[in-house]
Amino acid sequence: MTKTALFLAGAGALALGGFALAQPGSGGGGTAVYWMTADTLSGMGGMMGGGRPSAGAVLGAMMGRGGGMGSGYAKTLRLELGSNARPAGEPTAEHLPPAGLGAGPSLPLVSPRQVTATEEPTTGFPPNMERPRGRILIYWGCGEHARPGQPVVIDFATISAGRLPPAFANMNVHPELGPSASRFGTYGEWPNEKSRTRVPQNASLVGDHVVHGNYSPEIRFTLGPGQDFLAPVTLVSQAASPSGAVPVVWQPVPGARAWFATAMGAGGNGDMVMWTSSEVQTAPMMDYMSEGEIARLVQQRVLMPGTADRCTVPAEVAHAGQASMFTLTAFGGQANFSHPVRPARAPASWHPDWTVKLRVKSTYMGLLGQDMGAMMRGEERNDQGANDGDQPKKKKKRSILDGLGGMIPH
């Protein structure tokens, strides 16, 4: 595993592990809880379609089929049902979606097999993964240059020992914990080991939905036009300026409540570089949040507002991190349903028969300062990000796809 991969795993454990420790959950009494998580992926995420691409998927994407590389984005959907009711026999449940989803008339919610944990608790790194060495250089804030006092330097040994840096351990961020096999008596999910169907690029959630099974009451709800997948995040430009800073400009995404950008890359001497668009020091945030939490973090300038359309990655970040991975996330709103309908001033004792939560976001992932489309076509680019039509011809760069010949069976 490369140092960059080790860093990304460590950073993810650092960011998300602290969140999980901050807010333990409960099963929610006798209420059945259903979550729908819808993400739109573009850039490298769209190329992978939410997972590692197979040779067949790569060929299909190259030919413009589906939601992969040729067409620029993909959609993913995750369904999770939790209930403390325990059926007499094997748990069974299914989701009957509207035809516009394009994933078939029935999505089976399969209960994962119970696995007894044998591994000792870890700090968030995979059990057999070599602990990374070196330091993390942390930057934050949009602008031509990094602010005074940056970067903050953290030794990897501190994280490997299970000690979170104070700036991260004390983060006042409140994620939501949804259904899971560990938090509910019975749990079902889709996709699963029996059904790995992917939703098509033109999938829509709009319409009538029915969820039923032998461990939850029947759940019926309707999603409207504003309660659907977000549009893909599309970058307008991200060419480096003369100073080395990278101004990133993107198209608006209807329904976006907030934006958050990160850049992560390898520096010299084993160091890793991490930057976020937050105006205050924080860890990468890529998980979903409630609308109230999003509004609070926008007010505190941790998240950019939904109207934002640009942010400059400082020159110091671009210089320090080689081949930095750039991620830009648009957080959408949520749709919540329950039966009975939640009263305006619900008492603490209020427990509906069921609740439904729809969460949506749209995420772009690519190399900082690189046009992914041009890279995949193998086009040469100059420092201003334009094609080199007016410059002397250079040796053509290898396309990302040039090395795929040996991967694809004849």
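Residues are numbered from 1 along each chain as its sequence is written, and side-chain values use heavy atoms, with hydrogens and water left out. Because the model is predicted, local features need pLDDT of at least 70 and side-chain atom pairs count only at pLDDT 80 or more, whereas totals for chains, interfaces and linings use all residues.

With a disulfide defined as a pair of cysteine sulfur atoms within 2.5 Å, the count comes to 1 disulfide. C142 and C311 form this link, with their sulfur atoms 1.9 Å apart. The link of C142 and C311 is left-handed, with -100 degrees about the S-S bond. C142 lies in the loop between β5 (135-140) and β6 (152-155) and C311 in strand β15 (residues 310-313), so the pair ties together parts that are 169 residues apart in sequence. Strands here are DSSP runs (E, at least two residues), numbered from the N terminus. C142 is partly exposed, at 22% relative accessible area, while C311 is buried, at 5%; buried means under 20%, exposed over 50% and partly exposed in between (1.4 Å probe, protein chains only).

K357 is located in strand β17 (residues 354-367) and counts as buried, with 11% relative accessibility. The side chain of K357 makes a polar contact (2.8 Å) with the side chain of N336. Such a contact is a pair of N or O atoms within 3.5 Å; within protein, one must be able to donate a hydrogen and the other to accept it, and residues adjacent in sequence count only if both atoms are side-chain atoms. When neighbours within four places in sequence are left aside, K357 is in contact (heavy atoms within 4.5 Å) with Y34, W35, M36, E176, Q334, A335 and N336.

Notes. Helices (H or I, at least four residues) and strands (E, at least two) are DSSP runs, numbered from the N terminus.
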